[in-house]
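This report goes through the domains, helix contacts and chain contacts of the structure shown below.

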Amino acid sequence: MNNSLKQYIELYDSNRDAINLRSVQHLNALRETARKALDGVLLPRKGSDDYEATDLNAVLAPDYGVNINRVDLSRESTTQFRCEVPNLSTCLYYVFNDTFKLSATAGQSGDKVGVMSFSEAAHRLPLVLSKYYGSVAQLSNACTALNTLLAQDGVLIYVPKGVATTKPVQLINVFDANARLMAVRRMLIVLEDDAQAQVLVCDHTKGDQQYLSLETVEVIVGRNAHLDYYHMEESGMGTTRLSQLWARQDEGSNVLVDGITLTNGYTRNDFRIDVDGAHSTTQLLGMAIGSGNQHVDNHTLINHNAPQCQSNEMFKYVLNDQAIGAFAGKILVKPNCPKIDAYQGNRNIVASPEAKMYTKPQLEIYTDDVKCSHGSTVGQLDQEALFYMQTRGISLPVAQKLLMQAFMSDVIDGVRLASLKDRLRHLVEMRLSGDDAMCKSCNLKQ
Amino acid sequence: MNKDNTNKKQTEEAIIHQAASEEYRYGFVTDIDTTVIPKGLDENVVRRISELKNEPEWLLEFRLKAFRHWKTLPLPKWGKVNMPDIDFQAISYYAAPRTHTGEDKKEIDPELKKTFDKLGIPLEEQKRLSGMAVDAVVDSVSVHTSYRERLAELGVIFCSISEAIKDYPDLVRKYMGSVVPYTDNFFAALNSAVFSDGSFVYIPKGVRCPMELSSYFRINAAQTGQFERTLIVADDDSYVSYLEGCTAPMRDENQLHAAIVEIIVEERAEVKYSTVQNWYPGDKDGKGGIYNLVTKRGICRGDHSKLSWTQVETGSAITWKYPSTILKGNNTVGEFYSVALTRNYQMADTGTKMIHLGKNSRSTIVSKGISAGHSENSYRGMVKVAPDATNCRNYTQCDSLLLSDTSGAHTFPVIEVGNDSSIVEHEATTSKINEDQIFYCNQRGISTEDAVGLIVNGYARDVMKKLPMEFAVEAQRLLSVSLEGSVG
């Protein structure tokens with residue numbers, strides 16, 4: 001077993017009772033299974049399958065503190081913070097480190113929609129928690145197993161049958177601590193049949209501590225339900241994020257997952273979507289703008305387990321300085337799943353001599369009557385287009401920025417929330433100009 | 001309308017049935033005496049092979065080193081093929097036709113001649129007019145080499161590797177193992193330890209080889225794994241086109257084939273390597289068939305050199321090979337064109353690696369997979385651009401065509417780009433054979449079977465047109481034969 005993983009397992013072994021005591025009961029049930037799953041597990045080496053660029057051993061090697069005793073570490077009061085994206089009216093919630101907090105706008109997304117911590121859910125919606133917690137996340141993934149081993153609380157978003165959220169649910173993850181800290185974040189999103197929801201998650205950090213976000217999100221989407229899930233990462237250089245999103249789609253459902261990395265330190269995102277019901281639609285989008293020593297690795301798997309579905313996947317990267325980008329994606333079509341229309345795209349611009357891109361687009365098809373394709377490119381901006389603009393009096397840096405913005409536009413266009421789309425366009429523009437991609441009104445600025 | 005559909009369906013089913021039950025056309029066994037070393041593999045067997053072939057000391061050392069290294073390696077499992085455990089002790093590692101070990105080398109066994117006649121190899125005098133110099137390998141020892149003299153006039157060396165070891169030891173010693181070292185992988189180590197024979201080609205500076213060089217490999221004796229080693233060296237400003245074609249007789253037991261092909265391309269030289277592989281793929285239930293586990297790699301060592309791989313893979317129960325190119329020189333060009341057709345229970349995991357180390361190097365990859373029956377067909381490739389290799393260009397296209405709902409088609413490409421001036425593109429599609437096209441052909445009086453042949457040949461045309469003329473015809477015929485009525 002690797003030492004870096006071992007230290008957290010030992011932490012669990014020696015604090016088993018303390019962890020269980022301060023946890024939600026439903027989470028304790030899976031802990032021992034996760035412990036068993038981690039027995040003798042070796043973290044994948046850098047360069048091995050699906051980990052071309054990411055070294056989990058090195059990522060987990062620092063001795064991060066885990067807040068087992070659930071001490072309130074947040075210095076930030078929820079009343080001080082506002083997210084004032086123009087025209088974006090959301091119901092705001094926070095997770096400070098790994099502690100869930102409400103804001104003044106909480107509860108405005110509709111009477112029946114439940115957004116709450118697991119500890120509250122254990123009283124109000126115990127059946128939902130016991131039915132769905134751990135139902136899609138697989139412990140064969142070492143990070144998910146570690147999350148399951150250490151998670152003590154989490155966030156539940158529950159939309160009952162036939163209910164639609166009146167406002168998007170916005171969840172802001174904030175890192176704020178005096179010491180090196182690991183936050184074990186867990187989220188469960190359940191949409192019952194015919195439900196609709198829009199969820200926006202933003203990652204921020206305060207201070208220049210080293211943080212590790214170990215995040216597992218489980219998404220269950222019922223028949224004909226409709227979910228838009230956006231994740232925006234705007235964290236500091238010292239932040240490491242290991243996230244896994246596990247989703248299951250039922251018949252006729254429509255899911256959009258959008259993973260956006262604007263600023264970060266070291267990021268590895270795993271997306272796995274199981275399309276279990278026929279006539280479903282899946283959109284998986286992502287983009288990353290890397291500079292400095294940023295590291296962005298996205299790994300995706302769309303499992304088509306049912307016929308007559310459509311999926312569209314597109315990840316775009318712009319890499320500057322010494323940034324490293326990685327993408328490994330797979331579309332898997334199981335036997336007897338005809339009429340699948342799946343596309344997977346990965347387009348990358350390597351804009352500096354020291355930046356590096358690793359890409360691995362994959363198709364695994366076991367049914368003949370399908371239309372599946374993928375495309376991947378690594379290259380630069382079109383020299384002719386740059387020249388054309390320069391002949392019209394546009395300076396080279398502006399021309400480059402314009403082209404990069406245009407390059408990102410089809411991922412931005414995939415955003416279905418109009419106000420978020422505008423904001424994102426603005427943030428990307430700022431980011432490409434070399435500014436911090438922070439909203440002006442955001443008081444989380446360091 | 002419904003009736004027509006039912007009829008059409010029935011015709012299709014009948015065609016599938018016919019195609020699926022079609023026996024391997026080249027399955028015949030030649031009855032020649034062969035010298036076979038008893039089954040099993042240890043250091044003594046390696047020594048015995050070396051002794052039988054009168055090899056120099058350095059080569060024995062090379063073999064022994066490779067053997068010792070091989071013993072430390074586990075059988076690789078990463079391929080997307082379902083490889084049964086191979087008992088390496090149950091294989092005989094050397095078989096030479098006895099006629100060849102005797103003194104009378106001019107006479108060719110009539111039985112063997114018949115075999116070649118069936119295959120249409122131009123060994124006999126009148127067939128030389130077809131313009132091909134053939135180094136025919138039956139089992140492990142080169143039996144006949146034609147056109148040697150004409151080539152010798154130009155300074156071209158084209159002989160079996162055992163002869164080359166005796167006659168040109170310096171050349172062989174300089175280049176052998178320089179592209180595929182014995183430490184490279186499990187099967188390369190095994191081959192390095194026990195390789196029996198193969199071809200050696202050396203094209204001197206400034207020579208354009210006047211004819212296509214061809215070598216037919218044919219596994220003949222039962223349960224004799226064949227371990228050829230091919231070494232091609234193209235010196236500065238030279239050109240050669242090398243053809244390799246394979247057909248093997250029908251056998252019930254799986255046979256192992258672990259060859260090594262090494263190609264060295266010096267400055268401004270060009271090598272074109274074409275393969276048509278049609279070994280016995282096993283019967284329609286997946287019984288028997290050849291395991292084709294080959295290491296093929298070339299290096300464009302000098303600036304402005306070019307290496308082009310073209311392959312048509314229709315045979316073998318398991319195919320596991322990645323003809324690769326190391327683009328070391330500046331302005332070098334690497335190409336890879338492949339058609340892989342699998343049916344019944346065949347499994348193919350094939351592709352290429354393009355390693356860009358030189359500046360301005362370019363590579364093109366076109367891979368076409370066709371899967372029918374219960375087969376699995378995978379493309380696995382890697383394009384790597386080193387940080388210093390600026391202004392590189394790669395284009396990759398890999399398409400898969402599925403002809404049945406029980407077959408699988410997969411693509412596993414890896415792209416690594418280490419600088420900002422290189423452009424790498426990858427595209428892949430997977431789809432079913434187009435019913436509209438079949439319908440269109442049907443409308444114009446072309447039967448479904450012929451339509452499928454037409455469509456697939458059109459689909460594979462990008463690759464087929466890269467084959468030398470002599471091969472293109474055979475390859476096209478092979479595709480049509482293998483494909484007849486596989487649609488359903």
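Which domains does the domain assignment of chain A give? The assignment has domain 1 covering 3-277 and domain 2 covering 381-446. The structure is a predicted model.

## Domains of chain A

## Helices α1 and α6 of chain A

Helix α1 (residues 3-21) of chain A and helix α6 (residues 142-150) of chain A have axes that come within 10 Å and cross at roughly 25°. Angles under 35 degrees count as roughly parallel, so α1(A) is roughly parallel to α6(A). The crossing in which α1(A) passes α6(A) is left-handed.

On the α1(A) side, the residues that meet α6(A) are Leu5(A), Tyr8(A), Tyr12(A) and Ile19(A). Their counterparts in α6(A) are Ala142(A), Leu146(A), Leu149(A) and Leu150(A). By class, this contact of α1(A) with α6(A) has eight nonpolar, no polar and no charged residues.

## Helices α7 and α8 of chain A

The axes of helix α7 (residues 383-391) of chain A and helix α8 (residues 396-413) of chain A cross at roughly 130° and come within 9 Å. At that angle α7(A) is oblique to α8(A). The crossing of α7(A) and α8(A) is right-handed.

Ala385(A), Leu386(A), Met389(A) and Gln390(A) are the α7(A) residues of this contact, and they meet Leu396(A), Ala399(A), Gln400(A), Leu402(A) and Leu403(A) in α8(A). The contact of α7(A) with α8(A) divides into seven nonpolar, two polar and no charged residues.

## Gly236 of chain A

Gly236(A) sits in the loop between β10 (226-234) and β11 (239-249) of chain A.

Leaving aside neighbours within four places in sequence, the contacts of Gly236(A) are Thr205(A), Asp208(A) and Gly265(A). Gln322(A) is 86 residues from Gly236(A) along the chain, and their C-alpha atoms are separated by 16 Å.

## Chain B overall

Chain B has 13 helices and 24 strands. Of its 488 residues, 55% count as buried. Among the contacts in chain B with a separation of 6 or more, 84% are accounted for by residues 24 or more positions apart.

## Helix α9 of chain B

How many of the nine residues of helix α9 (residues 186-194) of chain B are buried? Eight are, and the helix is mostly covered. The buried residues in α9(B) are Phe187(B), Ala188(B), Ala189(B), Leu190(B), Asn191(B), Ser192(B), Ala193(B) and Val194(B).

These buried residues of α9(B) pack against both helices and strands of chain B: α2 (43-52) and α3 (57-71), together with β8 (229-234), β11 (260-265) and β13 (290-300).

## Contact between the chains

Contact between the two chains involves 30 residues of chain B and 31 residues of chain A. On the side of chain B that touches chain A, β22 (393-402), β23 (408-417) and β24 (423-432) of chain B each supply at least two residues. By class, that side of chain B has eleven nonpolar, 13 polar and six charged residues.

Notes:
Residues numbered from 1 in each chain as written. Chains lettered and ligands numbered in written order. Predicted model: local features only at pLDDT ≥ 70, side-chain atom pairs only at ≥ 80, totals over all residues. Domains from an automatic or database assignment. Axes fitted to C-alpha atoms, helices over the stretch in contact; angles between N-to-C directions. Helix = DSSP H or I, 4+ residues; strand = E, 2+ residues; numbered from the N terminus. Parallel < 35°, antiparallel > 145°, perpendicular 65-115°, else oblique. Left-handed = near helix turned anticlockwise from the far one by under 90°. Contact = placed C-beta atoms within 7 Å. Nonpolar A, V, L, I, M, F, W, Y, C, P; charged D, E, K, R; others polar. Buried ≥ 20, exposed ≤ 12 C-beta atoms within 10 Å, placed from the backbone.
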